[in-house]
Amino acid sequence: HRSEEGESVLSQPLPERISFIRGFLQKHCKHKSAVESLVPAQKLLEGEELALAKVAVLLLYHTSMSCKSPRDWNEFDYKTQVELASILKFVLDNEESLNENLETFLQRKAPLPASSASSSSSEEHSPLLSLPQKREVRFLELQKIASSSSSSANNMLPGPPSSPMGDIMQTPQFQLRRLKKQLALERENRDELEVELAENRKLITEKEAQITMMQQRIDRLALLNEKQTADQLEPKEMEELREKNESLMVRLHEALKQCQDLKTEKGQMDRKISQLSEENGDLSFKLREIASHLVQLQEALNELSEEHNAALAQSQEKQGQLESELRAALQEKKCSEEKIEILQGKISLLEDQLAKLGDCSAQEKGEVMGDILKLEELKQEVSSLTAKGAELQATVLRLEEEKQLREAALQSERGRSEEEKQQLGSLIASLQSSLSESHRARERLEQDLRAQEAKAEG
């Protein structure tokens with residue numbers, strides 16, 4: 001981060017740089033007891049890749065916890081962000097068992113596609129720092145809702161998230177861990193302030209003891225002065241005693257003023273410590289309250305995701321059934337229309353034949369009576385097929401309307417899921433704003449204490 005301390009370390013020899021990094025991890029990372037076994041100094045000096053990878057993982061975790069804006073990760077490409085997000089998700093899930101699991105996680109080999117079989121040996125033997133490709137889109141809980149919501153009847157495929165690192169840093173699990181870490185830092189700062197306050201109280205006590213001793217010396221000198229005056233001492237000796245007395249009185253006034261200043265500063269520090277303790281108490285209460293709320297929201301989102309997935313599967317199954325019925329109805333309607341056309345052709349042919357036979361004898365008319373009955377049956381069949389076609393048309397319209405209603409319901413469900421996600425984001429933003437205010441108040445208090453400390457040393 002281009003800090004002065006970090007820049008100065010770059011000019012030091014390798015052992016000092018490694019010592020600095022290990023000290024930094026022990027001071028700032030939660031896994032203090034695991035640093036010795038996870039990143040031994042000798043393996044770092046030897047340049048062992050696994051040890052270097054462990055250091056990179058711990059520094060990634062610390063950097064993500066200290067990051068103020070998730071957009072800072074956008075300078076990496078999407079695949080790199082997915083890889084970093086999978087590592088961060090692993091550390092969050094295995095914080096209590098990093099010693100047992102981190103080495104296994106880093107030593108897994110990356111699957112090579114067939115087209116890259118001829119790649120260099122350094123690429124073939126590189127340690128895997130990411131999860132398999134199929135988990136690139138589904139590495140966090142909220143992404144499940146976005147993925148399932150975007151799979152509609154139009155067969156639209158869900159696109160990848162715009163910022164995988166930004167998404168995982170917005171999850172309740174990450175935010176809760178960041179809040180706990182910030183609260184721990186606030187408590188450490190408060191403990192440091194209390195130690196400084198104790199030291200100032202000790203300094204005040206010492207100053208008061210010095211003042212008491214000086215007052216006693218002044219009292220003794222005053223008594224000696226009175227005694228010497230009674231014994232009619234020489235004027236020169238009286239003048240020396242008077243000068244000493246005046247010098248002691250000046251020093252006494254200075255000490256009294258310094259003691260009063262220290263008492264004033266002590267009162268101010270007491271008030272600020274009380275204010276900081278009260279703010280920490282409020283922050284702890286808010287943390288517990290928001291953590292509970294986040295758990296409830298996460299459970300609600302999980303239930304919503306399950307309900308949505310079940311409804312989506314049921315709706316897709318029903319829609320497939322409707323489409324099958326619609327295709328069958330359309331096919332039957334088409335067949336009926338073809339039959340009607342064939343029958344109407346036969347009817348026209350019979351009507352022409354009957355017209356030609358209109359002037360025939362009665363015997364011949366009797367012979368064609370059968371054709372006339374046949375003709376009547378065809379007309380009845382045409383009427384029946386026409387009625388059936390109308391019914392099929394109504395069925396088609398009903399099926400299409402039901403399909404449109406289901407698509408509208410799916411759209412409404414997606415909107416509700418998005419609204420739930422936005423509410424969770426607003427809550428996290430509010431919490432971050434509260435933490436920022438507490439952080440600014442702590443910085444102001446630290447500046448005041450540094451100023452008071454400099455004044456006391458002066």
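Glu95 and Arg177 form a salt bridge, in which the closest N and O atoms are 3.0 Å apart; the term stands for a side-chain nitrogen of Lys or Arg within 4 Å of a carboxyl oxygen of Asp or Glu. Because Glu95 lies in the loop between α6 and α7 while Arg177 belongs to helix α11, the pair ties together parts that are 82 residues apart in sequence. Both Glu95 and Arg177 are buried, where buried means under 20% relative accessible area, exposed means over 50%, and partly exposed covers what is in between (1.4 Å probe, protein chains only).

## The model and its helices

This is a predicted model, in which local features need pLDDT of at least 70 and side-chain atom pairs count only at pLDDT 80 or more, whereas totals for chains, interfaces and linings use all residues. Residues are numbered from 1 along each chain as its sequence is written, and side-chain values use heavy atoms, with hydrogens and water left out.

The chain holds 13 helices and zero strands; here helices (H or I, at least four residues) and strands (E, at least two) are DSSP runs, numbered from the N terminus. Of the 458 residues of the chain, 31% count as buried.

## Two nonpolar cores

The largest nonpolar core has 32 residues, and those with the most contacts inside it are Trp73, Leu88, Leu98, Leu102, Leu106, Met165 and Met169. A core of this kind is a set of buried Ala, Val, Leu, Ile, Met, Phe, Trp, Tyr and Cys residues joined through side-chain atoms within 4.5 Å. Two or more residues of this core come from each of the helices α2 (14-28), α5 (49-66), α6 (78-93), α7 (98-107) and α10 (164-169), and the largest share, nine residues, is given by α5.

Another core lies apart from this one; it has eleven residues, among them Leu183, Leu283, Leu287 and Leu294.

## Further salt bridges

In the whole structure, a search finds six salt bridges. One of them joins the side chains of Lys54 and Glu103, at 3.3 Å from N to O, and this pair links distant parts of the chain, since Lys54 lies in helix α5 and Glu103 in helix α7, 49 residues apart. Lys54 is buried, with a relative accessible area of 8%, whereas Glu103, at 33% relative accessibility, counts as partly exposed.

The side chains of Glu402 and Arg398 also meet in a salt bridge, with 3.8 Å from N to O. Both of these residues lie in helix α13 (residues 362-457), four residues apart, which is about one turn of the helix. Glu402 is partly exposed, with a relative accessible area of 23%, and Arg398 is partly exposed as well, with a value of 44%.

## A charged patch and a pair of positions

On the surface, Glu188, Asp191, Glu192 and Glu194 gather in a patch of negative charge. Such patches are made of residues with over 30% relative accessible area and no salt bridge, with like charges joined within 9 Å and nonpolar side chains (Val, Leu, Ile, Met, Phe, Trp, Tyr) within 5 Å. Asp191 belongs to helix α11 (residues 172-230) and is partly exposed, its relative accessible area being 39%.

Thr80 lies in helix α6 and, at 30% relative accessibility, counts as partly exposed. Although Thr80 and Pro164 are 84 residues apart along the chain, their C-alpha atoms are separated by 9.3 Å.

Note on methods
Accessible areas come from the Shrake-Rupley method with a 1.4 Å probe; for residues, only the protein chains shown count as cover. Lys and Arg count as positive and Asp and Glu as negative; His and the chain ends are not counted. The place of a charge is taken as NZ of Lys, CZ of Arg, CG of Asp or CD of Glu.
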